[in-house]
Amino acid sequence: MRAIPLFVVALVLCGCTSPAPPAAGPASPAGSAPVPSSPAGSPPVPAFQQSLPGSARRECVAVPGDATLVRSGDFIAGDFVEYRRQWHPDLGPDLGKLFWLPARPQLNAALTVTATSGGRTETYSAGSLATNDAGQAMYPSGIPLPAAGTWKLVAQAGDGWGCFELTLL
């Protein structure tokens with residue numbers, strides 16, 4: 001797997017513990033679960049995180065084809081460029097790696113990612129937080145999505161929430 005340059009990871013991680021601003025959850029599309037509201041009293045998002053594709057609000061965001069990192073609600077996730085490069089329908093559990101950086105790490109909160117596409121649902125668990133070389137909390141995960149299409153990835157850990165729409169060809 002191609003490594004993410006250390007300065008990119010360090011830049012992303014240096015502010016990942018700052019929570020998203022408070023926002024009411026948007027209306028949910030028909031047939032989907034409601035989007036939870038952000039906890040009140042959250043400080044502003046650091047400037048570099050505001051420049052990432054996506055949104056600090058709790059809403060589903062499309063992952064652009066050239067985006068390495070994307071923000072949705074309480075998570076920054078990636079490396080989507082590398083994931084797309086490696087992906088194929090028979091991807092084994094040792095590939096399909098994405099990492100999830102929570103805005104508010106919660107030590108006892110396991111990460112669950114629910115992936116839906118075309119009526120199919122897959123659930124992945126990343127377990128508990130890990131610490132990277134910079135001492136920042138993150139969830140590493142293996143998400144071997146089984147088919148091409150647009151997948152809605154809903155990440156939840158404690159009261160943290162994010163939603164990413166990833167298209168695989």
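A residue is taken as buried when its relative accessible area is under 20%. In this predicted model, Asp 79 has a relative accessibility of 8% and therefore counts as buried. Asp 79 is placed in the loop that lies between β4 (75-78) and α3 (80-86). Its side chain is directed to backbone nitrogens of two residues: a polar atom of the Asp 79 side chain lies 3.1 Å from the backbone nitrogen of Val 81, and the Asp 79 side chain reaches the backbone nitrogen of Glu 82 at 2.8 Å.

Glu 82 also takes part in a salt bridge with Arg 85, in which the closest N and O atoms are 2.5 Å apart. Both residues belong to helix α3, where Glu 82 and Arg 85 are separated by 3 residues, about one turn of the helix.

Strand β4 is joined to β5 by 4 bridges, and the two strands run antiparallel. Within this pairing, Gly 78 has Phe 99 of β5 as its bridge partner. Strand β5 is in turn connected to strand β9 (residues 137-142), again through 4 bridges and in antiparallel orientation; here Lys 97 is partnered by Gly 142 in β9. Of the 6 residues of β5 (residues 97-102), 5 are buried, so the strand is largely enclosed by the rest of the structure.

Side chains of opposite charge can pair when their charged atoms come close. The structure contains 5 salt bridges, including the Glu 82 and Arg 85 pair described above. Another is formed by Arg 57 and Glu 59, with the closest N and O atoms 2.8 Å apart; Arg 57 is partly exposed, its relative accessible area being 49%. In the salt bridge between Glu 122 and Arg 120, the closest N and O atoms are 3.1 Å apart. Glu 122 is partly exposed, with a relative accessible area of 22%, and Arg 120 is likewise partly exposed, at 39%. Beyond these pairs, Arg 58, Asp 74 and Arg 104 are linked in a network of salt bridges.

Key. Residues are numbered from 1 along each chain as its sequence is written. This is a predicted model: local features need pLDDT of at least 70, side-chain atom pairs count only at pLDDT 80 or more; totals for chains, interfaces and linings use all residues. Side-chain values use heavy atoms; hydrogens and water are left out. Buried means under 20% relative accessible area, exposed over 50%, partly exposed in between (1.4 Å probe, protein chains only). A polar contact is a pair of N or O atoms within 3.5 Å; within protein, one must be able to donate a hydrogen and the other to accept it, and residues adjacent in sequence count only if both atoms are side-chain atoms. Two strands pair if DSSP finds at least two bridges between them. A salt bridge is a side-chain nitrogen of Lys or Arg within 4 Å of a carboxyl oxygen of Asp or Glu.
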